[in-house]
Amino acid sequence: MPELSRRSALTAAAVLATSAGTLSAVVPASAAGHHDSPGTFDEVYKGRRIQGRQASGSGHHGHHGAGYAVFVDGVELHVMRNADGSWISVVSHYDPVATPRAAARAAVDELQGAPLLPFPAN
């Protein structure tokens with residue numbers, strides 16, 4: 001039996017990774033859809049009101065946040081969904097989290113009581 005070389009091991013790993021990606025791509029949208037669109041939330045976290053919902057307009061957040069808007073005490077928190085499905089905000093940009101709710105909570109933690117200032121639109 002031939003010895004397994006580094007190149008053939010890497011090729012086999014790439015083929016397996018591609019096959020796994022192909023399998024996830026053929027999952028019906030109805031089965032995977034609930035993971036792509038986060039639900040709404042409205043709660044008080046550490047004394048701050050955080051809210052999240054589908055964005056109604058097609059403004060700046062429609063592109064980066066997959067049509068999702070997050071608010072801290074009524075001020076919109078700019079959020080963005082990464083390619084891997086994680087979320088970041090303008091306040092905690094280098095700390096990706098799993099959901100927009102977690103991004104809002106991370107922003108409240110980072111603000112430490114300071115008010116959230118509106119993000120300037122381009």
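Mentor: The model is predicted, so local features need pLDDT of at least 70 and side-chain atom pairs count only at pLDDT 80 or more, while totals for chains, interfaces and linings use all residues. Residues are numbered from 1 along each chain as its sequence is written, and side-chain values use heavy atoms, with hydrogens and water left out.

Trainee: What is the pattern of the chain along the sequence?
Mentor: The pattern reads α-α-β-β-α-β-β-β-β-α, with four helices and six strands. Helices (H or I, at least four residues) and strands (E, at least two) are DSSP runs, numbered from the N terminus.

Trainee: Where in the chain is confidence lowest, and where is it highest?
Mentor: Confidence here is pLDDT, the predictor's confidence in each residue, from 0 to 100. Helix α2 (residues 29-36) has the lowest mean, 44, and β1 the highest, 98. The mean for the chain is 78, and 61% of its residues reach 70 or more.

Trainee: How many contacts beyond four places in sequence does the model have for residues 22-34?
Mentor: One, over a stretch where pLDDT stays under 50. Contact means heavy atoms within 4.5 Å. Residues 59-63 also stay under 50, with nine such contacts.

Trainee: Why is Gln112 called exposed?
Mentor: Its relative accessibility is 71%. Exposed means over 50% relative accessible area, buried under 20%, and partly exposed in between (1.4 Å probe, protein chains only). At 71%, Gln112 therefore counts as exposed. Gln112 lies in the segment after α4 (100-111), and its phi is near 50°, a positive value in a residue other than glycine.

Trainee: What makes a set of residues a nonpolar core?
Mentor: The residues must be buried Ala, Val, Leu, Ile, Met, Phe, Trp, Tyr or Cys, joined through side-chain atoms within 4.5 Å. The largest such core has 16 residues, and Phe41, Ile50, Val70, Val72, Leu77 and Val79 have the most contacts inside it. β1 (41-45), β3 and α4 each supply at least two residues of this core, and α4 gives the largest share, five residues. In soluble globular proteins, nonpolar side chains tend to be buried together.

Trainee: Which residues is Phe41 in contact with, leaving aside its neighbours within four places in sequence?
Mentor: Among them are Ile50, Tyr68, Val70, Pro100 and Ala104.

Trainee: In which sense do β2 and β3 pair?
Mentor: Antiparallel, over five bridges. Arg53 stands opposite Ala69 in β3.

Trainee: How many of the 122 residues, as a percentage, count as buried?
Mentor: The figure is 26%.

Terms used. Two strands pair if DSSP finds at least two bridges between them.
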